[in-house]
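Subject: A structure to look through

Hello,

Please keep it on screen while you read, and follow each element as it is named.

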Amino acid sequence: MAKHVALVRESEAAVLLDKKSGRYFRLNRIGADVFDLLSAGKSPEEITETLLARFPAARERIPDDVRRLLGQLRAAGIVVDR
């Protein structure tokens with residue numbers, strides 16, 4: 001995770017603030033969970049498995065949604081590879 005990023009949680013969502021660019025990114029509840037898990041050091045695969053266990057009804061969508069969100073966050077400079 002980039003050091004210049006802050007997460008602010010709301011009731012059912014979250015907002016990521018890129019302090020460097022001033023841009024905001026709104027995340028739904030699952031997106032915020034992805035961010036939390038990534039911040040805790042989980043790999044994309046571990047994140048996907050955790051979400052599949054939490055939301056079995058969304059089994060078809062979760063793997064692609066996680067990949068897409070991580071790709072968008074990388075492109076925005078929010079997620080940086082170590």
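Below are my notes on the sheet, then on the helices, and then on a few single residues.

Please bear in mind throughout that this is a predicted model.

**The sheet**

Three strands make up an open sheet in the order E1-E2-E3, and their pairing is antiparallel. Strands E1 and E3 stand at the edges with a single partner strand each, so one side of each is left without a neighbour in the sheet. If you ignore direction, neighbouring strands of this sheet are turned against each other by 20° on average.

Strands E2 and E3 form a hairpin with four residues between them, and Gly 22, which sits in the turn, has a positive phi of about 85°.

**The helices**

How do H1 and H3 lie relative to each other? The axes of helix H1 (residues 29–39) and helix H3 (residues 62–75) come within 11 Å and cross at roughly 70°, and the two helices are therefore roughly perpendicular to each other. The crossing in which H1 passes H3 is right-handed. On the H1 side the contact is made by Gly 31, Val 34 and Leu 38, and on the H3 side by Val 66, Leu 69 and Leu 70. Of the residues in this contact of H1 with H3, five are nonpolar, one is polar and none is charged.

Helix H1 also meets helix H2 (residues 44–54), where the axes come within 10 Å and cross at roughly 140°, and H1 and H2 are therefore oblique to each other. Here too H1 passes in a right-handed crossing. The residues that make the contact are Ile 30, Asp 33, Val 34, Leu 37 and Leu 38 of H1, together with Ile 47, Thr 50, Leu 51 and Arg 54 of H2. They divide into six nonpolar, one polar and two charged residues.

The remaining pair to look at is H2 and H3, whose axes come within 10 Å and cross at roughly 135°. These two helices are therefore oblique to each other, and their crossing is right-handed. From H2 the contact is made by Pro 44, Ile 47, Thr 48, Leu 51 and Leu 52, and from H3 by Ile 62, Pro 63, Val 66 and Leu 70. Eight of the residues in the contact of H2 with H3 are nonpolar, one is polar and none is charged.

Is Thr 48 buried or exposed? This residue lies in helix H2, and with a relative accessibility of 13% Thr 48 counts as buried, because the cut-off for buried is under 20% relative accessible area. Leaving aside neighbours within four places in sequence, Thr 48 is in contact with Ile 62, Pro 63 and Val 66.

Leu 7 takes you back to the sheet, as its place is in strand E1 (residues 5–9). Leu 7 is partly exposed, with a relative accessible area of 26%. Once its neighbours within four places in sequence are left aside, Leu 7 is in contact with Ala 14, Val 15, Leu 16, Leu 27, Phe 35 and Asp 36. For a sense of distance, Leu 7 and Val 79 are 72 residues apart in sequence, and their C-alpha atoms are 13 Å apart in space.

Arg 68, finally, is found in helix H3 and is partly exposed, with a relative accessible area of 46%. Between the C-alpha atoms of Arg 68 and Ser 11, which are 57 residues apart along the chain, the separation is 23 Å.

Best wishes

How values were computed
Residues numbered from 1 in each chain as written. Predicted model: local features only at pLDDT ≥ 70, side-chain atom pairs only at ≥ 80, totals over all residues. Heavy atoms only, no water. Axes fitted to C-alpha atoms, helices over the stretch in contact; angles between N-to-C directions. Parallel < 35°, antiparallel > 145°, perpendicular 65-115°, else oblique. Left-handed = near helix turned anticlockwise from the far one by under 90°. Contact = heavy atoms within 4.5 Å. Nonpolar A, V, L, I, M, F, W, Y, C, P; charged D, E, K, R; others polar. Buried < 20%, exposed > 50% of the residue type's maximum accessible area, 1.4 Å probe, protein only. Pairing = 2+ DSSP bridges.
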